[in-house]
Amino acid sequence: MANVTFGNYTPQEDPKDTLQYVYYTREGEYLGGIVGSAKIFVTTKEKYDQAAAAKNWESLNDDANLVKYDGKALSHSDFRYIAYIVSHESGNADIKELRCVAFTSRNRAVSTKKTWRSLLASGYSSVPNKKELPDKNDEKSKLARYAVLDVCFGVKDITDGAEFWDGTDFLAWGNSETNPYNKLGQNKFDEYKFVEIPKAIYDDFVAANGTSARYKDKGNHDANTDQGTHEHLKKKIKKPVLGPDGKQVKGADGKPQFKEVELPDRIKYAVPSADFQDQQYWTSGNFYYETSVKTTNGISATITAGKSIFWKITPNRLTAATTK
């Protein structure tokens, strides 16, 4: 083999990324940047102001501060969309509830092998008119972004792997009340082989939801099959009195005539429903309800926040079957 001379090789550093992107603080405050950027970085307001004054963006574009999801840069559009749903699935500007929604929805996306955005765009989230969260710095918007950033930067999941959540309706309907859609109970009792809630989580959940809940009455309950102790509340309205010709009848004084009628208004449910007060489901000290549904998994509550409770899917109960 002939002698071969190799040239000198000097490793080169990766070229600095000098483009301007979008920048937030780690706590979710919007700082500025190019709307719709392919990348998002977190930094401090002081560093952002210095970079903006010097137009030196490479000082902020550090890979350690790049917002990623599933190992790839999360686009500004996707980040804002996810933050919008997280914000609107939560009640108040409560960082605990926002974090729970963020982690739970991420967990479900991973479980179903969907992107985070596509899952939230589906029926998994009931938020209407879904869109991107504007880059405004009101308290709830900042906290919603903060929660999403926690997920992206690998903060410990406070839900312990939860994939779903429910609100007040779970307590109000249980599995014994005809719900506003004229079906018996809340859907979780039809979908899983058991439902379990540790006592401490249950107590917090009930305390957050008051003693009753009201839902719009669509007038579709059948009095012969209606189950539970809920009340159908009526409202009184005045309707014009019409003659055979379809025209409004006038009185002797020449004034249009009206009659008072009662129409369905709201359905009032006690919170909690009878199921949760039945001692047969509390023999272990925790709530445990076997549904008889023939399926692999049950659900176990892992945390409550705001007015919501969060569920982990599990084939086996996680609470002890007997009291200690």
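A crossing of two helices is called right-handed if the near helix is turned clockwise from the far one by less than a right angle, and left-handed if it is turned anticlockwise. Helices (H or I, at least four residues) and strands (E, at least two) are DSSP runs, numbered from the N terminus.

The model is predicted, so that local features need pLDDT of at least 70 and side-chain atom pairs count only at pLDDT 80 or more, while totals for chains, interfaces and linings use all residues. Residues are numbered from 1 along each chain as its sequence is written, and side-chain values use heavy atoms, with hydrogens and water left out.

**Exercise 1. Describe how helix α2 packs against helix α3, giving the handedness, the angle and the residues in contact.**

Step 1: α2 passes α3 in a right-handed crossing.

Step 2: the angle between α2 and α3 (residues 95-112) is about 125°, and their axes are 9 Å apart; axes are lines fitted to C-alpha atoms, for helices over the stretch in contact, and angles run from 0 to 180 degrees between N-to-C directions.

Step 3: the pair α2 and α3 is therefore oblique, given that angles under 35 degrees count as roughly parallel, over 145 as roughly antiparallel, 65 to 115 as roughly perpendicular and the rest as oblique.

Step 4: Val86, Ser87 and Glu89 of α2 meet Glu97, Leu98, Val101 and Ala102 of α3, where contact means heavy atoms within 4.5 Å.

**Exercise 2. Repeat the analysis for α2 and α5, and classify the contact residues.**

Step 1: α2 (residues 76-89) and α5 (residues 139-152) pack at about 115°, with their axes 9 Å apart, which makes α2 roughly perpendicular to α5.

Step 2: here, too, α2 passes α5 in a right-handed crossing.

Step 3: α2 contributes Phe79, Ile82, Ala83, Val86 and Ser87, and α5 contributes Lys140, Ala144, Arg145, Val148 and Leu149.

Step 4: sorted by class, this contact of α2 with α5 holds 7 nonpolar, 1 polar and 2 charged residues, where Ala, Val, Leu, Ile, Met, Phe, Trp, Tyr, Cys and Pro count as nonpolar, Asp, Glu, Lys and Arg as charged, and the others, Gly among them, as polar.

**Exercise 3. Locate Asp70, Asn129 and Pro272, and state the backbone feature of each.**

Step 1: Asp70, in the loop between β4 (68-69) and β5 (72-73), has a positive phi of about 55° although it is not a glycine, and at 66% relative accessibility Asp70 counts as exposed.

Step 2: Asn129, in the loop between α4 and α5, has a positive phi of about 50° without being a glycine, and its relative accessibility of 69% makes Asn129 exposed.

Step 3: Pro272 is found in the loop between β10 (258-270) and β11 (287-290), and a cis peptide bond with omega of about 0° joins Val271 and Pro272.

Conventions:
Buried means under 20% relative accessible area, exposed over 50%, partly exposed in between (1.4 Å probe, protein chains only).
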